Amino acid sequence: MQLWFHNENTYPFVPEKILAEADSVRATLPGRLLDPKIAADLFHECMDESLLCDDVGINIVSIEHHSGINSLYGASPIVLGALARQTRNVRILSQGTLISLRKDPVRVAEEYATADVMLRGRLDIGFVKSGDSEMVSNNANPVGNLERFWEAIDLIRKALSNVDGPTRWEGKHFAHRSINLWPRPYQTPHPPMWTATGDPDTSRELGRRGMINSVVLRGIDGTKRAWGAYREARAEAGLPEPALDRFAYCGFVYVGDTDEEGVAIGSKLLWFLNTSLKQAPQFSKFLPGRMPPEMAPQVYRTRPKPGEARIARPADGLIGMTAEQAIQRQIMFAGNPDTVTKQIMAAYDTLGGFGHLIFVGRSGYLTHAEAEKSIKLLAKEVLPRVREETRARER
Amino acid sequence: MIARETQNFHGIELEVLRGGAGHPILVLHGMHPLTPAAPFLTRLASLGAVTAPSFPGFGDSPKPKDFETVFDIVHLTRAILDAAGGPVTLVGLSFGGWIAAEVAAQGHPNIGRLVLADPLGIKIGGPEDADIFDIYNNSPADTRAATFHDPERFGPDFDEMDDSDIIRYARDRDALCLYSWNPYLYNPQLPRWLGRIAVPTLVCWGESDGIVTPDYGRAYAKLIQGARFATIAGAGHCPEIERPDDLAALIAAFVGG
């Protein structure tokens with residue numbers, strides 16, 4: 001079992017009243033609402049948390065989101081570069097540069113190859129489909145996003161793997177006539193590749209490709225659906241059963257000395273769901289290309305027709321959750337080390353095992369000191385026991 | 001009486017609305033195709049033989065795989081004009097006005113006259129000027145207000161619309177977005193070529209158009225030699241919906257004169 005620390009570097013310090021009155025906390029909040037001095041502190045605290053992870057043997061996820069309180073990591077390759085130089089031990093998963101928003105995947109491959117060399121092969125590459133306000137913030141056409149996503153992955157894989165001099169790509173969305181990376185990546189043919197998705201169709205394609213499928217904050221049912229599709233697609237294609245290291249579960253985690261402390265402080269993590277996900281309708285339900293038009297009647301109406309189900313984006317079902325609900329839905333593991341170990345293993349058993357646990361360990365008003373305390377307890381008290389128990393089950 | 005048919009142009013199947021007889025009038029739709037019940041089409045059908053195709057992805061027209069640019073639509077429109085057999089009055093509304101302007105700038109023997117109503121397709125201002133109101137980045141309420149003179153009466157009400165109409169509406173939005181996300185609803189090169197339009201041209205503009213303002217319209221008309229410019233009171237970006245009689249009357253006078 002590999003454990004991964006995930007921290008979005010959120011910026012909660014915008015007055016509540018402004019956030020409540022804004023129709024969106026992404027894409028449109030004026031930059032003057034951010035204090036660069038606070039942002040600087042946050043960047044350094046978050047980097048220090050990552051360096052603590054490096055010391056105690058917890059891997060690190062480097063993420064990307066744009067133009068909102070939910071994350072300050074818009075320039076994701078820069079953060080990855082800093083981690084590449086400052087860490088010494090653990091693996092770094094860039095999950096990831098939002099590739100369907102970038103004009104030239106070859107340049108993304110170049111960034112990743114450089115990071116992998118600096119990391120001496122400690123890089124994992126995660127792809128994220130992106131969507132909603134990210135499309136607007138990056139001027140990326142939301143229609144055709146998925147096509148660009150897969151073509152970009154194909155091109156990045158080709159660029160990273162190529163060692164035979166200039167090669168070319170003239171695809172539908174991307175064209176680059178001379179591809180020849182220097183440096184090539186440290187790992188051959190390229191770093192392990194992941195994708196974060198809970199969408200069963202995307203998981204099916206990941207299964208056929210043998211990529212790692214992380215599922216972020218979808219809970220047990222959503223994760224089961226995705227991984228079930230992954231396994232099914234491999235079976236249909238006549239491919240061998242996937243190993244557990246192809247699956248990554250992600251939830252909020254907070255470990256305290258006591259259950260009370262774990263839940264009380266852990267509940268601060270839910271700020272991410274309850275405050276930072278709000279998006280204006282033009283960035284969400286009315287954004288073109290984000291769902292088949294046949295679903296529009298259930299999405300566009302302000303009130304469903306009698307007998308009609310309402311369709312919302314997966315994140316909408318998470319807004320307004322309490323700590324108890326999040327723990328019950330196994331989106332959050334919180335308590336003392338013993339409780340958290342049991343919660344993790346319960347999810348592990350329900351899902352038939354997974355090789356990676358990504359934990360959101362800091363968000364919202366959870367402080368740097370609180371985050372570091374949980375990281376230390378996780379590494380010292382929880383991870384060894386989880387590893388022991390998962391090894392026992394594998395035997 | 002306007003009928004809905006399907007017709008094939010260069011192997012591409014399109015939904016086509018038809019009605020009337022006589023002088024051929026080809027109508028290129030705006031952000032959403034008109035319906036057979038649209039009063040504007042009925043009025044035009046009293047002037048001549050109206051053909052109003054829905055571009056691929058819009059209305060009930062399928063979108064062929066990899067048909068995804070304005071370039072494709074311009075070529076398709078040329079194929080539609082080829083099939084007309086003789087000179088038509090080409091009427092382009094909003095997005096269809098952009099297409100009509102592109103085709104007319106290239107020249108086609110079957111364009112007899114050109115009518116552009118609130119056409120998109122060019123950029124007039126500088127890099128910091130939002131010449132064209134952004135229907136994707138602004139709230140639905142602001143977009144309604146920018147689109148219609150009387151948004152309460154003419155704006156879409158999804159709670160009242162049938163499922164099939166909402167699905168068509170969503171298809172239209174996806175298609176328009178595919179074709180026009182970036183550059184946003186314009187071709188940077190088009191102003192250079194508008195001067196090549198060699199047929200009599202009428203440019204009409206809704207006085208309350210907040211998507212592209214009447215000033216944008218005046219600048220547009222100036223780029224087309226000899227173009228007449230007329231505004232329509234009580235209409236926003238879609239005079240064909242808010243003032244169908246007035247727009248049809250302008251077209252009738254233009255065709256008759």
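A polar contact is a pair of N or O atoms within 3.5 Å; within protein, one must be able to donate a hydrogen and the other to accept it, and residues adjacent in sequence count only if both atoms are side-chain atoms. With that in hand, welcome to this predicted model, where 15 residue pairs are in polar contact between chain A and chain B, both residues at pLDDT 80 or more.

**Where chain A touches chain B**

- The contact draws on 26 residues of chain A and 24 residues of chain B.
- About 2200 Å² is buried between chain A and chain B, with 57% of it on carbon and sulfur atoms.
- On the chain A side, A:Q282, A:Y300 and A:R301 lose the most area to chain B, and together they make up 24% of what that side buries.

**Charged pairs and contributing helices**

- There are 5 salt bridges between chain A and chain B.
- One of them joins A:R301 to B:D163, with the closest N and O atoms 2.7 Å apart.
- In chain A, α5 (133-137) and α11 (296-300) each provide at least two residues of the side that touches chain B.
- The most comes from α11(A), with 3 residues.
- By type, the chain A side that touches chain B has 14 nonpolar, 6 polar and 6 charged residues.

**A helix pair in chain A**

- Helix α13 (residues 337-350) and helix α14 (residues 368-394) of chain A pack at about 35°, their axes being 9 Å apart.
- The crossing of α13(A) and α14(A) is right-handed.
- Residues in this contact include A:I344 and A:Y348 from α13(A), and A:L377 and A:R385 from α14(A).
- The α13(A)–α14(A) contact residues comprise 8 nonpolar, 2 polar and 7 charged.

Methods
Residues are numbered from 1 along each chain as its sequence is written. Chains are lettered from A and ligands numbered from 1 in the order in which they are written. This is a predicted model: local features need pLDDT of at least 70, side-chain atom pairs count only at pLDDT 80 or more; totals for chains, interfaces and linings use all residues. Side-chain values use heavy atoms; hydrogens and water are left out. Axes are lines fitted to C-alpha atoms, for helices over the stretch in contact, and angles run from 0 to 180 degrees between N-to-C directions. Helices (H or I, at least four residues) and strands (E, at least two) are DSSP runs, numbered from the N terminus. A crossing is left-handed if the near helix is turned anticlockwise from the far one by less than a right angle, and right-handed if clockwise. Contact means heavy atoms within 4.5 Å. Ala, Val, Leu, Ile, Met, Phe, Trp, Tyr, Cys and Pro count as nonpolar, Asp, Glu, Lys and Arg as charged, and the others, Gly among them, as polar. Buried area is the accessible area (1.4 Å probe) that two parts lose on being put together, summed over both. A salt bridge is a side-chain nitrogen of Lys or Arg within 4 Å of a carboxyl oxygen of Asp or Glu.
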